[in-house]
Structures are given as C-alpha cells and as structure tokens.
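Dear colleague,

I am handing over the structure below, and my notes on it follow directly after. Please read them with the coordinates open.

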Amino acid sequence: MSEQEERPIRVLLVDDDALVCQGLELILSSAPDIEVVGSVDDGDRAVPAVQQHFPDVVLLDVRMQRLDGIAATGALRALANPPKVIVLTTFDADDVVMRAIGAGASGFLLKTAAATEIIDAIRNVAGGAGALSPQSIRQVFQQVQASNDQDRQRARAALATLTDRELAVVRLLVKGLSNPEIARELYLGEATVKTHLTAAQQKLGATNRVQAAVEATRGGLG
C-alpha cells in the first residue's frame, strides 16, 4: 500500500457546542483511518480553519450563532479546492436537508446517529459517495415528490442532454451504487465512471453526486 493510500481522512469539526465536539472526537478516535485535525465554534471560522488544516471532510452543525451551517457549507464549497461537507443537526426540520444539499453538502446526519453511522458517512463521503441518514432520505424523497411542474420540467430537460452512457451511470447513482459498484455493473473503469458522472453533474446543474441524484429523481429517473 502506498503512503498516499495510508493517509488518514482529515476531518474538521464545526460546532458551537463544545461537548458535541468532544463527543465526536471521542467517536472518531476509534477509527484508525480518521484523524480530527481541528475544531472551531462557529460557521464564520470554518473557511479560515479549512485553509489552515486542509481537511478532507468537514462535519458541520446547522444551527450556529454567527453563521449557520447552510451558509458555511456554501462558503466552503466555493473554495478553490473545497472539502466535502457533512451537515449534522439535532433537529429534523423538513427543508433543512434540501437546503444543505442545495448548498453543496455531500452528507446529512442527525446528531443522534450511531457512532458507526457517523464513521461510515465520513468514509463514504471522503471516497466520493454521499451519506444520508434514513430520516434524511425520507425527507429528500418527500421534497422531490412535492416539486412543482417547473422544477420537474427543468430536471427532465437537463436529463435529456445526457449521453446514453451518462444516463446509465446516473441511473445506477440514483439506486445508491458507489463508483466501484457502477463500474462493475457497466463493465467500465472507475476513472471512466468518474468522467461520465462529472459530465452528468455539470449538465444537471449539480455540484456533487447527492445533488445529481436528487435532480435525476426529480426528472423522473429511478
């Protein structure tokens, strides 16, 4: 195994509750492939902390005093080399998941998630996949079902611009397959899958695979 492959997943914590940060650090310390490189207490400190610590994944609270997690997610994703973002929350409001996804989050979990769920989410997101809690998946599905006709037509028009291969990749993405699984299913290399997925995301107006899956579902795929 190369040195690059052995490098732990660098994680930054952003939460104004010191006890939550301590609890997350304790949970993540049990995973040998994950390293907490820092923590800050509000969303307005997330960008400077990322520029200092270069994390792969940021775990971000939604509700903070100066800059909330949704706005902070947007600021992080606007960086030149943005980290992946997983939004954590203690409350289960209907529109928070969609706003987090719209801001560019790759994952969304409740703080009540099991330790193994949080660790798996970090690994999945760092590896290029998404991570949604079962509750979040239900909310996303409900929100997509409630989309207006204009949004559905826009999504269908975007889907129509995909090539056959891009459409095949996105169809499996909607089913929840990872890039390696898509590659095996379509007899493609992982690099080729990433190329098709990147092109499909651009055409769908998505910045990550979760957004792409939501738009594809809204357009009737899956």
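Phe 54 sits in the loop that links helix 3 (46–53) to strand 3 (57–61), where helices (H or I, at least four residues) and strands (E, at least two) are DSSP runs numbered from the N terminus. This is a predicted model, in which local features need pLDDT of at least 70 and side-chain atom pairs count only at pLDDT 80 or more, while totals for chains, interfaces and linings use all residues. Residues are numbered from 1 along each chain as its sequence is written, and side-chain values use heavy atoms, with hydrogens and water left out.

Although Phe 54 is not a glycine, its phi is positive, at about 50°. Most residues other than glycine have a negative phi. Phe 54 counts as exposed because its relative accessibility is 57% (buried is under 20% relative accessible area, exposed over 50%, partly exposed in between, with a 1.4 Å probe and protein chains only).

Tyr 187, in the loop between helix 10 (179–186) and helix 11 (190–204), likewise is not a glycine and has a positive phi, of about 60°. Tyr 187 has a relative accessible area of 77% and is therefore exposed.

Helix 9 (residues 164–174) packs against helix 11 at an angle of about 90°, with the axes 9 Å apart; axes are lines fitted to C-alpha atoms, for helices over the stretch in contact, and angles run from 0 to 180 degrees between N-to-C directions. Helix 9 is therefore roughly perpendicular to helix 11 (65 to 115 degrees; under 35 is roughly parallel, over 145 roughly antiparallel, and the rest oblique). Contact (heavy atoms within 4.5 Å) involves residues including Val 169 and Leu 173 of helix 9 and Leu 197 and Ala 200 of helix 11.

Best regards
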